[in-house]
Amino acid sequence: EQAMAERVRALVEHTVPLSAVGGVSVGIADGRFAAMVAAREHHGIVPAGTSAAFLASRSVQLLAEVAGLPADFVHLLHRLGLRTLAQVAALPTAQLEARFGALGAFAHRLATGTDERPPVVHEQAVVQPVQRSFEPPVHHSDALVFVGRQMAEELMAVLAGQACTQL
């Protein structure tokens, strides 16, 4: 598995400019959540069957930061005295589900290392830069507003027909 992790890292580093992704980290574990935590911490490989032990001492904050659970839910866990994933894992699933519904049951699966969700592919967003340089420098804001509006229209034309989630 270590050789496979190194090979994946090398392939990604060779294929994708590191400036585009800010570095590469590989995590291998029994489940997606544990693998994501391992990658985030540059831990690499979590041996089979040890995901719960690997996750046990980690903060419940990872449920929000890595798994994307609502921050207010994680804050509530913290206020209830549940600071580590081991503390969440120690609770009965039925108790968490009764109190928090499906979200509680899901948090328990993550904390116990029994996350069975398949890996997800994240595609890198294509950057569509639109820029202007001014020689000599512009001293009046009216000119900048005019050029800014032109640039926004140009960007909208480039993005026409594409799904745009951030501008």
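**View 1. The helices of the predicted model.** Helices, numbered from the N terminus, are DSSP runs of H or I with at least four residues, and strands are runs of E with at least two. In this predicted model, the elements of the protein chain run α-α-α-α-α-α-α-α-α-α from the N terminus on, which amounts to ten helices and zero strands. Of the 167 residues in the protein chain, 29% are buried, and the chain exposes about 11,100 Å², with carbon and sulfur atoms supplying 57% of that area.

**View 2. The largest nonpolar core.** This core holds 26 residues, among which Phe-33, Leu-63 and Leu-69 touch the most other members. At least two residues of the core come from each of α3 (32-40), α4 (51-56), α5 (62-65), α6, α7 (85-90), α8 and α9 (102-111). Leaving aside residues up to four places away in sequence, Phe-33 touches Leu-55, Leu-62, Leu-63, Val-66, Ala-67, Leu-85, Leu-110, Asp-115 and Arg-117.

**View 3. The aromatic pair of Phe-73 and Phe-100.** The structure holds one aromatic pair, formed edge-to-face by Phe-73 and Phe-100, with 5.1 Å centre to centre and 85 degrees between the planes. The pair links distant parts of the chain, since Phe-73 lies in helix α6 (residues 71-79) and Phe-100 lies in helix α8 (residues 93-100), 27 residues apart. Phe-73 is buried, with a relative accessible area of 5%, and Phe-100 also counts as buried, at 19% relative accessibility, because buried means under 20%.

**View 4. Arg-58 and the ring of Phe-54.** Here the charged end of Arg-58 sits over the ring of Phe-54, at 4.0 Å from the centre of that ring.

How values were computed
Residues numbered from 1 in each chain as written. Predicted model: local features only at pLDDT ≥ 70, side-chain atom pairs only at ≥ 80, totals over all residues. Heavy atoms only, no water. Phe/Tyr/Trp six-rings, centres within 6.5 Å; stacked < 30°, edge-to-face > 60°. Buried < 20%, exposed > 50% of the residue type's maximum accessible area, 1.4 Å probe, protein only. Lys NZ or Arg CZ within 6 Å of the ring centre and 35° of its normal. Core = buried A, V, L, I, M, F, W, Y, C linked by side-chain atoms within 4.5 Å. Contact = heavy atoms within 4.5 Å. Areas by Shrake-Rupley, 256 points an atom, 1.4 Å probe, with all protein chains shown as cover.
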